[in-house]
Amino acid sequence: MPSAAEFSSETSRGTRNPLAGLCLVAALALPAANADETLPWNLPSLFEPPVTHATDARPAKGLESFFYEGAEFKGKPSWVFAYYGVPKGDPPAGGWPAVVCAHGGGGTAFPEWVRKWNNAGYAAIAMDLEGHLPGGNAHQVEGGFPPTQGHQNAHPARVDYFGDRVLPAPEQWFYHAVADVIRADSLLRSRPEINKDKIGLTGISWGATVACTAAGL
(Lines give C-alpha, C1' and ligand atoms only; values in the text may rest on other atoms or scores of the structure.)
Protein backbone atom coordinates (compact mmCIF):
# COMPACT_ATOMS: atom_id res chain seq x y z
CA MET A 1 0.00 0.00 0.00
CA PRO A 2 1.45 3.44 -0.85
CA SER A 3 2.17 6.00 1.82
CA ALA A 4 -0.37 8.71 2.52
CA ALA A 5 1.73 11.14 0.50
CA GLU A 6 1.31 8.99 -2.61
CA PHE A 7 -2.47 9.10 -2.56
CA SER A 8 -4.40 11.67 -4.54
CA SER A 9 -7.57 13.21 -3.11
CA GLU A 10 -10.07 15.95 -3.77
CA THR A 11 -8.30 18.12 -1.21
CA SER A 12 -5.14 18.10 -3.35
CA ARG A 13 -6.95 20.41 -5.78
CA GLY A 14 -6.98 23.24 -3.27
CA THR A 15 -10.49 22.77 -1.89
CA ARG A 16 -11.04 22.23 1.80
CA ASN A 17 -12.89 19.05 2.64
CA PRO A 18 -15.22 19.69 5.61
CA LEU A 19 -15.18 15.99 6.45
CA ALA A 20 -11.41 15.79 6.85
CA GLY A 21 -11.77 16.13 10.61
CA LEU A 22 -13.89 12.98 10.68
CA CYS A 23 -10.79 10.87 10.06
CA LEU A 24 -9.91 11.07 13.75
CA VAL A 25 -13.53 10.37 14.69
CA ALA A 26 -13.49 7.32 12.44
CA ALA A 27 -10.40 5.95 14.11
CA LEU A 28 -11.84 6.56 17.57
CA ALA A 29 -15.08 4.80 16.68
CA LEU A 30 -13.30 1.46 16.67
CA PRO A 31 -12.69 -0.23 20.04
CA ALA A 32 -9.75 1.35 21.85
CA ALA A 33 -6.53 -0.66 21.81
CA ASN A 34 -3.89 -0.90 24.49
CA ALA A 35 -0.30 -0.13 23.57
CA ASP A 36 0.49 -3.84 23.21
CA GLU A 37 -2.51 -4.58 21.00
CA THR A 38 -2.50 -4.54 17.21
CA LEU A 39 -4.87 -2.83 14.80
CA PRO A 40 -8.14 -4.68 14.21
CA TRP A 41 -7.38 -5.13 10.50
CA ASN A 42 -5.22 -8.00 9.28
CA LEU A 43 -3.15 -5.78 7.00
CA PRO A 44 -0.81 -8.46 5.57
CA SER A 45 -3.90 -10.34 4.43
CA LEU A 46 -5.52 -7.22 2.95
CA PHE A 47 -2.36 -6.38 1.03
CA GLU A 48 -2.63 -9.71 -0.83
CA PRO A 49 -4.50 -9.69 -4.18
CA PRO A 50 -8.10 -10.72 -3.51
CA VAL A 51 -9.94 -13.59 -5.14
CA THR A 52 -12.46 -12.32 -7.70
CA HIS A 53 -15.80 -13.80 -8.77
CA ALA A 54 -17.40 -13.06 -12.13
CA THR A 55 -21.01 -11.84 -12.14
CA ASP A 56 -23.63 -10.64 -14.57
CA ALA A 57 -25.88 -9.31 -11.79
CA ARG A 58 -25.35 -5.60 -12.55
CA PRO A 59 -23.67 -5.10 -15.95
CA ALA A 60 -22.47 -1.70 -17.14
CA LYS A 61 -21.70 -1.10 -20.80
CA GLY A 62 -17.97 -1.17 -21.55
CA LEU A 63 -16.94 -2.01 -17.98
CA GLU A 64 -15.92 -5.18 -16.22
CA SER A 65 -18.07 -6.11 -13.23
CA PHE A 66 -17.22 -8.66 -10.56
CA PHE A 67 -17.09 -9.37 -6.85
CA TYR A 68 -13.77 -9.40 -5.02
CA GLU A 69 -13.22 -10.84 -1.57
CA GLY A 70 -12.88 -8.35 1.28
CA ALA A 71 -12.31 -8.91 4.99
CA GLU A 72 -13.87 -11.92 6.67
CA PHE A 73 -17.33 -11.58 8.15
CA LYS A 74 -18.74 -14.29 10.40
CA GLY A 75 -16.08 -16.80 9.41
CA LYS A 76 -15.98 -16.33 5.64
CA PRO A 77 -14.74 -13.67 3.22
CA SER A 78 -17.21 -10.94 2.36
CA TRP A 79 -17.81 -10.20 -1.32
CA VAL A 80 -17.56 -6.65 -2.63
CA PHE A 81 -19.21 -5.62 -5.90
CA ALA A 82 -17.04 -3.52 -8.22
CA TYR A 83 -16.85 -1.95 -11.68
CA TYR A 84 -13.46 -1.75 -13.39
CA GLY A 85 -12.36 -0.13 -16.61
CA VAL A 86 -9.28 1.03 -18.51
CA PRO A 87 -8.79 3.69 -21.19
CA LYS A 88 -9.07 2.76 -24.84
CA GLY A 89 -5.93 1.66 -26.63
CA ASP A 90 -2.70 0.09 -25.47
CA PRO A 91 -1.35 0.92 -22.00
CA PRO A 92 1.69 3.21 -21.79
CA ALA A 93 5.12 1.92 -20.85
CA GLY A 94 4.93 0.72 -17.28
CA GLY A 95 1.14 0.36 -17.35
CA TRP A 96 -1.87 2.59 -16.81
CA PRO A 97 -2.00 4.91 -13.80
CA ALA A 98 -5.07 3.99 -11.78
CA VAL A 99 -7.55 5.34 -9.24
CA VAL A 100 -9.57 3.70 -6.46
CA CYS A 101 -12.95 5.47 -6.11
CA ALA A 102 -14.66 5.42 -2.69
CA HIS A 103 -18.30 6.58 -2.84
CA GLY A 104 -20.17 8.57 -0.22
CA GLY A 105 -22.79 7.44 2.29
CA GLY A 106 -25.79 5.87 0.61
CA GLY A 107 -23.87 5.60 -2.66
CA THR A 108 -22.71 2.54 -4.54
CA ALA A 109 -20.29 1.53 -7.28
CA PHE A 110 -20.82 4.26 -9.88
CA PRO A 111 -20.06 3.45 -13.56
CA GLU A 112 -19.87 7.18 -14.30
CA TRP A 113 -16.91 7.60 -11.98
CA VAL A 114 -14.95 4.80 -13.67
CA ARG A 115 -15.70 6.21 -17.12
CA LYS A 116 -14.69 9.70 -16.05
CA TRP A 117 -11.21 8.50 -15.02
CA ASN A 118 -10.91 6.24 -18.08
CA ASN A 119 -11.59 9.24 -20.34
CA ALA A 120 -8.82 11.11 -18.51
CA GLY A 121 -6.29 8.34 -19.18
CA TYR A 122 -6.56 6.33 -15.95
CA ALA A 123 -7.73 2.85 -15.12
CA ALA A 124 -10.28 2.95 -12.30
CA ILE A 125 -12.19 0.75 -9.91
CA ALA A 126 -15.40 1.78 -8.12
CA MET A 127 -16.82 -0.57 -5.52
CA ASP A 128 -19.87 -0.70 -3.27
CA LEU A 129 -18.72 -0.12 0.32
CA GLU A 130 -22.09 -0.76 1.99
CA GLY A 131 -22.72 -4.40 1.18
CA HIS A 132 -25.10 -3.65 -1.68
CA LEU A 133 -25.50 -4.21 -5.39
CA PRO A 134 -25.72 -1.08 -7.59
CA GLY A 135 -29.25 0.23 -7.97
CA GLY A 136 -31.24 3.35 -8.67
CA ASN A 137 -30.62 5.44 -11.76
CA ALA A 138 -27.94 7.94 -10.67
CA HIS A 139 -24.41 8.21 -12.06
CA GLN A 140 -25.06 5.89 -15.01
CA VAL A 141 -26.16 2.90 -12.93
CA GLU A 142 -28.06 0.71 -15.40
CA GLY A 143 -30.98 -1.69 -15.24
CA GLY A 144 -33.47 0.15 -13.03
CA PHE A 145 -32.75 -2.11 -10.07
CA PRO A 146 -33.82 -1.02 -6.56
CA PRO A 147 -31.17 0.81 -4.50
CA THR A 148 -29.58 -0.59 -1.32
CA GLN A 149 -30.26 -4.19 -2.30
CA GLY A 150 -27.98 -6.56 -0.42
CA HIS A 151 -26.57 -9.89 -1.55
CA GLN A 152 -25.83 -13.26 -0.01
CA ASN A 153 -22.14 -12.71 0.76
CA ALA A 154 -22.31 -9.06 1.81
CA HIS A 155 -20.67 -7.52 4.85
CA PRO A 156 -22.66 -5.16 7.13
CA ALA A 157 -24.21 -2.02 5.72
CA ARG A 158 -23.60 1.45 7.18
CA VAL A 159 -25.64 2.27 10.27
CA ASP A 160 -26.07 6.05 10.55
CA TYR A 161 -23.01 7.74 12.14
CA PHE A 162 -21.08 4.79 13.60
CA GLY A 163 -24.35 3.36 14.88
CA ASP A 164 -22.76 -0.09 15.14
CA ARG A 165 -19.77 1.05 17.21
CA VAL A 166 -20.73 -1.15 20.18
CA LEU A 167 -20.14 -4.28 18.08
CA PRO A 168 -16.75 -5.98 17.73
CA ALA A 169 -14.66 -4.30 15.04
CA PRO A 170 -15.05 -7.11 12.45
CA GLU A 171 -18.83 -6.63 12.64
CA GLN A 172 -18.75 -2.87 12.03
CA TRP A 173 -19.46 -1.32 8.64
CA PHE A 174 -16.50 1.07 8.81
CA TYR A 175 -14.05 -1.76 9.46
CA HIS A 176 -15.20 -3.47 6.27
CA ALA A 177 -15.38 -0.31 4.16
CA VAL A 178 -11.73 0.48 4.93
CA ALA A 179 -10.77 -3.12 4.16
CA ASP A 180 -12.69 -2.87 0.85
CA VAL A 181 -10.60 0.14 -0.21
CA ILE A 182 -7.30 -1.49 0.72
CA ARG A 183 -8.28 -4.67 -1.09
CA ALA A 184 -9.22 -2.65 -4.20
CA ASP A 185 -5.71 -1.20 -4.20
CA SER A 186 -4.26 -4.69 -3.82
CA LEU A 187 -6.39 -5.87 -6.73
CA LEU A 188 -5.16 -3.07 -9.00
CA ARG A 189 -1.57 -3.88 -8.07
CA SER A 190 -2.08 -7.46 -9.23
CA ARG A 191 -3.21 -6.42 -12.71
CA PRO A 192 -0.44 -6.56 -15.34
CA GLU A 193 -1.82 -3.52 -17.19
CA ILE A 194 -1.52 -1.27 -14.09
CA ASN A 195 1.48 0.82 -13.04
CA LYS A 196 1.89 -0.19 -9.39
CA ASP A 197 3.72 3.06 -8.58
CA LYS A 198 0.92 5.27 -9.90
CA ILE A 199 -2.22 4.29 -8.01
CA GLY A 200 -4.28 7.06 -6.43
CA LEU A 201 -7.23 7.10 -4.08
CA THR A 202 -10.18 9.48 -4.10
CA GLY A 203 -13.31 9.61 -1.97
CA ILE A 204 -16.37 11.80 -1.53
CA SER A 205 -18.18 12.50 1.76
CA TRP A 206 -18.12 9.26 3.78
CA GLY A 207 -15.79 7.88 1.12
CA ALA A 208 -13.30 10.63 1.95
CA THR A 209 -13.31 9.52 5.58
CA VAL A 210 -12.79 5.91 4.55
CA ALA A 211 -10.05 6.96 2.10
CA CYS A 212 -8.17 8.96 4.75
CA THR A 213 -8.21 5.99 7.11
CA ALA A 214 -7.05 3.59 4.39
CA ALA A 215 -4.24 5.99 3.46
CA GLY A 216 -3.14 6.16 7.09
CA LEU A 217 -3.06 2.39 7.37
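This is a predicted model: local features need pLDDT of at least 70, side-chain atom pairs count only at pLDDT 80 or more; totals for chains, interfaces and linings use all residues.
In what sense do strand 1 and strand 2 pair, and over how many bridges? Strand 1, residues 52-54, pairs with strand 2 in the antiparallel sense over three bridges, where strands are DSSP runs of E with at least two residues, helices are runs of H or I with at least four, both numbered from the N terminus, and two strands pair if DSSP finds at least two bridges between them.

Residues are numbered from 1 along each chain as its sequence is written, and side-chain values use heavy atoms, with hydrogens and water left out.

Strand 2 and strand 3, the latter covering residues 76-85, pair in the antiparallel sense over eight bridges, and they form a hairpin with two residues between them, where Lys-74 in the turn has a positive phi of about 55°. Of the 10 residues of strand 2, eight are buried, meaning under 20% relative accessible area, with exposed being over 50% and partly exposed in between, for a 1.4 Å probe and protein chains only.

Strand 3 also holds Trp-79, which counts as partly exposed because its relative accessibility is 23%. Setting aside neighbours within four places in sequence, Trp-79 is in contact (heavy atoms within 4.5 Å) with several residues, among them His-53, Tyr-68 and His-151.

Strand 4, residues 96-102, pairs with strand 5 in the parallel sense over five bridges, and Cys-101 stands opposite Ala-126. Between strand 4 and strand 5 the chain passes through helix 3, residues 111-119, in a right-handed β-α-β crossover, that is, one whose path from the first strand over the helix to the second runs clockwise with the strands pointing away from the viewer.

Why is strand 5 described as largely enclosed by the rest of the structure? The reason is that five of its five residues, 123-127, are buried. Helix 4, residues 173-189, is likewise largely enclosed, because 16 of its 17 residues are buried.
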